[in-house]
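Hello,

Here is the structure I promised to hand over. Have a look at it first, and then read on for what turned up in it.

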Amino acid sequence: MRVACVGDSITHGVGLQANETYPAQLQRRLRADGRADAEVLNFGLNGASLATTVERQCEFEHCEYTHTPLYAAMLRSKPDVAVILLGTNDVLFNPITAPPGNLGMAAYSTSSPPPPLVLFYQALGDALSRIVAALQERGAAVLYAQLPS
């Protein structure tokens with residue numbers, strides 16, 4: 001079983017030894033649970049974002065993950081399962097300011113433009129959908145990981 005861990009610096013393991021990253025820990029756990037064939041590949045990229053929500057330089061850092069060579073390599077790896085943990089940098093580097101209390105999600109009519117925060121989350125959802133579709137077309141089961149609150 002091949003598992004591709006897709007993500008940003010959290011997946012990559014910035015500040016950690018290779019054996020301390022969550023993909024390395026996942027591989028050990030799977031093998032300890034009887035999956036001797038488990039191969040967990042770390043396709044984490046420091047600074048990667050889910051969507052291009054902020055104009056910024058793209059030299060394999062702070063750029064849309066699907067525009068990187070690592071994304072293509074991940075697809076070529078033909079994973080059976082993919083774990084996606086992307087979006088942290090989109091939130092950290094996006095200057096959208098929201099009114100206190102409602103996070104900019106106040107009701108809006110279909111005849112008025114959506115608030116910037118709604119457009120932001122739509123962009124993230126669309127980008128995630130494209131990644132999931134590409135993986136599913138290749139037969140991979142897809143899991144989306146989320147950091148604890």
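Which residue just after H2 takes a positive phi? That residue is Gly34, with a phi of about 100°. Before going further, please keep in mind that this is a predicted model, in which local features need pLDDT of at least 70 and side-chain atom pairs count only at pLDDT 80 or more, while totals for chains, interfaces and linings use all residues. Residues are numbered from 1 along each chain as its sequence is written, and side-chain values use heavy atoms, with hydrogens and water left out.

On confidence, pLDDT is the predictor's confidence in each residue, from 0 to 100. Its mean for the protein is 82, and 77% of the residues reach 70 or more.

Now the overall layout. The protein has 5 helices and 4 strands; these are DSSP runs numbered from the N terminus, with helices (H or I) of at least four residues and strands (E) of at least two. Their order from the N terminus is β-α-α-β-α-β-α-α-β. Of the 149 residues, 36% count as buried (buried means under 20% relative accessible area, exposed over 50%, and partly exposed in between, with a 1.4 Å probe and protein chains only). Among contacts (heavy atoms within 4.5 Å) with a separation of 6 or more, 69% join residues 24 or more positions apart.

Beyond its neighbours within four places in sequence, Met74 is in contact with Ala4, Val6, Phe43, Tyr65, Pro79 and Leu135. Just after H3, Lys78 has a positive phi of about 50°.

How many aromatic pairs does a search of the whole structure find? The search finds 1, where rings of Phe, Tyr and Trp (its six-membered ring) pair if their centres lie within 6.5 Å, with planes under 30 degrees apart counted as stacked, over 60 as edge-to-face and the rest as tilted. The rings of Tyr65 and Tyr71 have centres 6.0 Å apart and planes at 80°, so this pair is edge-to-face. Tyr65 counts as buried because its relative accessibility is 0%, and Tyr71 counts as buried at 11%.

Finally, back to helix H2 (residues 22–32), whose buried residues are Pro23, Gln27 and Leu30. Their arc around the axis is only 70°, which puts them on the same side of H2. Arg29 and Ala32, on the other side, are exposed. The buried residues of H2 pack against S1, helix H1 (9–12) and strand S2 (39–44).

Best wishes

How values were computed: Arc of directions from axis to C-beta.
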